[in-house]
Amino acid sequence: MYAFDIATDVPKRELYAELLKAADALTAGEPDGIANMANISALIWQFVPDLNWAGFYRMVDGELVLGPFQGKSACIRIPLGKGVCGAAARTGTTQLVEDVHAFPGHIACDADSRSELVVPVKRNGAIVAVIDLDSPLPARFDADDAAGFETLAELLSTRI
């Protein structure tokens with residue numbers, strides 16, 4: 001059993017350092033990638049305030065397929081280049097979107113989402129998944145959030 005002391009009123013860098021330690025503790029030595037994604041999506045949901053969706057899309061046969069998540073039901077398959085997740089997977093770069101309604105080709109799985117952060121997870125240079133975060137708040141995510149989740153993606157690259 002794991003119990004994590006989660007203080008969401010700390011500076012973001014501190015929050016993400018704690019999230020990373022917790023993620024490391026949960027996934028170290030566990031070879032099942034789906035189980036690790038499930039635990040990490042729950043951990044993100046606990047640690048990061050103002051989210052309405054947090055989870056993973058896995059790269060399967062050249063498209064993104066829904067993985068473990070927290071939040072409302074979601075789109076199951078996303079083609080590369082479509083929406084924020086597809087853009088992150090196609091370009092291999094983090095997508096920080098302040099207003100999803102202004103993003104060309106945005107896929108509205110939840111009409112309440114206003115901003116989004118998607119971070120690719122790479123193994124040996126190939127995209128294996130993306131971490132997807134949605135918020136009902138406009139401009140919820142910033143460079144500190146992106147950096148925190150990029151560090152998490154690096155840790156998870158060999159564990160999912």
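The model on display is a predicted one. Within this pairing, pick out Lys 122, which stands opposite Ile 127 of E6.

Next, select Asn 124. This residue belongs to the hairpin of E5 and E6, in which two residues lie between the strands, and Asn 124 adopts a positive phi near 55°.

Proceed to residues 126-135, the whole of strand E6. Is this strand mostly covered or mostly uncovered? E6 is mostly covered, with eight of its 10 residues buried.

E1 pairs with E6 in the antiparallel sense, over six bridges. In this pairing, Trp 53 has Asp 134 of E6 as its bridge partner.

Now turn to the helices. Select residues 12-27 for helix H1 and residues 33-47 for helix H2; their axes come within 10 Å and cross at roughly 155°. An angle over 145 degrees counts as roughly antiparallel, and H1 and H2 are therefore roughly antiparallel to each other. Their crossing is right-handed.

Finally, display the side chains where the helices meet. On the H1 side, select Leu 15, Glu 18, Leu 19, Ala 22, Ala 23, Leu 26 and Thr 27. On the H2 side, select Asn 36, Asn 39, Ile 40, Leu 43, Ile 44 and Phe 47. How many residues of this contact are nonpolar, polar and charged? The contact of H1 with H2 comprises nine nonpolar residues, three polar and one charged.

Definitions and conventions: Residues numbered from 1 in each chain as written. Predicted model: local features only at pLDDT ≥ 70, side-chain atom pairs only at ≥ 80, totals over all residues. Heavy atoms only, no water. Buried < 20%, exposed > 50% of the residue type's maximum accessible area, 1.4 Å probe, protein only. Helix = DSSP H or I, 4+ residues; strand = E, 2+ residues; numbered from the N terminus. Pairing = 2+ DSSP bridges. Axes fitted to C-alpha atoms, helices over the stretch in contact; angles between N-to-C directions. Parallel < 35°, antiparallel > 145°, perpendicular 65-115°, else oblique. Left-handed = near helix turned anticlockwise from the far one by under 90°. Contact = heavy atoms within 4.5 Å. Nonpolar A, V, L, I, M, F, W, Y, C, P; charged D, E, K, R; others polar.
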